[in-house]
Amino acid sequence: MNKALFDEVSVLFAEQCGLTYPDDLINVEIYGHSMLLIDSDMAGCVTSYVGHKRGVLDADRLRIVRECAGDLRALVPRLRRREGRTYAARWLRIAELIMSDSQEGARYGE
């Protein structure tokens, strides 16, 4: 686990948890996945990452984060309202940080 990446994820996740889900994302879908489901999947995975797992995700959760990141990369540029775009972009940043941390850990045999 890279402590700097872990700390950034922790801060961003705390910010995300303090927000109300944007109204403009309620009916949004990308590739057949609703943003509500992406939000829920990310929240569950990040809760594990920052909680009892302390910077580690199992293969299934890491796969979910990767899939969500792909959906978010396609979705964020399409969002027109600032509130929803900012919310989705924060999830994307969190996913990218977790994937980066996972790649670093794999390089060092963690």
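Modeller: Happy to, and let me start with a term: accessible areas come from the Shrake-Rupley method with a 1.4 Å probe, and for residues, only the protein chains shown count as cover. This is a predicted model, in which local features need pLDDT of at least 70 and side-chain atom pairs count only at pLDDT 80 or more, while totals for chains, interfaces and linings use all residues. Residues are numbered from 1 along each chain as its sequence is written, and side-chain values use heavy atoms, with hydrogens and water left out.

Colleague: Thanks! What share of the accessible surface of the protein chain belongs to carbon and sulfur atoms?

Modeller: The accessible surface of the protein chain totals about 6200 Å². The part that belongs to carbon and sulfur atoms is 51%.

Colleague: In what order do the elements of the protein chain run from the N terminus?

Modeller: Helices (H or I, at least four residues) and strands (E, at least two) are DSSP runs, numbered from the N terminus. The protein chain has four helices and two strands. Their order from the N terminus is α-β-β-α-α-α.

Colleague: What is the radius of gyration of the protein chain, and how does it sit with the rule for a compact globule?

Modeller: The radius is taken over C-alpha atoms, and the globule rule is 2.2 Å times the number of residues to the power 0.38. The C-alpha trace spans about 40 × 25 × 20 Å along its principal axes. For 110 residues a compact globule would come out near 13 Å, and the protein chain agrees with that at 14 Å.

Colleague: What percentage of the residues count as buried?

Modeller: Buried means under 20% relative accessible area, exposed over 50%, and partly exposed in between (1.4 Å probe, protein chains only). By that scale, the buried share of the 110 residues in the protein chain is 42%.

Colleague: Now the cysteines. How many disulfides are there?

Modeller: A disulfide is a pair of cysteine sulfur atoms within 2.5 Å. Cysteine 68 has its closest cysteine sulfur in cysteine 45, and at 6.6 Å that is too far for a bond. By this rule the number of disulfides is zero.

Colleague: And which cysteine sulfur is nearest to that of cysteine 17?

Modeller: Cysteine 17 is in no disulfide. Cysteine 17 is exposed, at 52% relative accessible area, whereas cysteine 68 is buried at 4%. The nearest sulfur to that of cysteine 17 lies 13 Å away, in cysteine 45.

Colleague: Which residues is cysteine 45 in contact with, leaving aside neighbours within four places in sequence?

Modeller: Contact means heavy atoms within 4.5 Å. Cysteine 45 is part of helix H2 and is buried, with a relative accessibility of 3%. Its contacts beyond those neighbours are Leu57, Arg61, Ile64 and Val65.

Colleague: Leucine 57 is on that list. Is leucine 57 buried or exposed?

Modeller: Leucine 57 lies in the loop between helix H2 (35-50) and helix H3 (59-75). Not counting residues up to four places away in sequence, leucine 57 touches Cys45, Ser48, Tyr49, Leu62, Val65 and Ile98. With a relative accessible area of 15%, leucine 57 is buried.

Colleague: What about valine 56: how far is its C-alpha from that of aspartate 101?

Modeller: Valine 56 is also in the loop between H2 and H3, and at 48% relative accessibility it is partly exposed. Beyond four places in sequence, valine 56 touches Ser48 and Tyr49. Valine 56 and aspartate 101 are 45 residues apart in sequence, and their C-alpha separation is 8.7 Å.

Colleague: Which residues does aspartate 101 contact, leaving aside its neighbours within four places in sequence?

Modeller: Aspartate 101 belongs to helix H4 (residues 82-107) and is buried, with a relative accessible area of 3%. From C-alpha to C-alpha, aspartate 101 and lysine 3 are 9.0 Å apart in space and 98 residues apart in sequence. The contacts of aspartate 101 are Met1, Asn2, Leu5, Tyr49 and Gly55.

Colleague: One last thing: what is the phi of tyrosine 31?

Modeller: Tyrosine 31 is in the loop between strand E1 (29-30) and strand E2 (33-34), and is exposed at 57% relative accessibility. Most residues other than glycine have a negative phi. Tyrosine 31 is not a glycine, yet its phi is positive, at about 55°.
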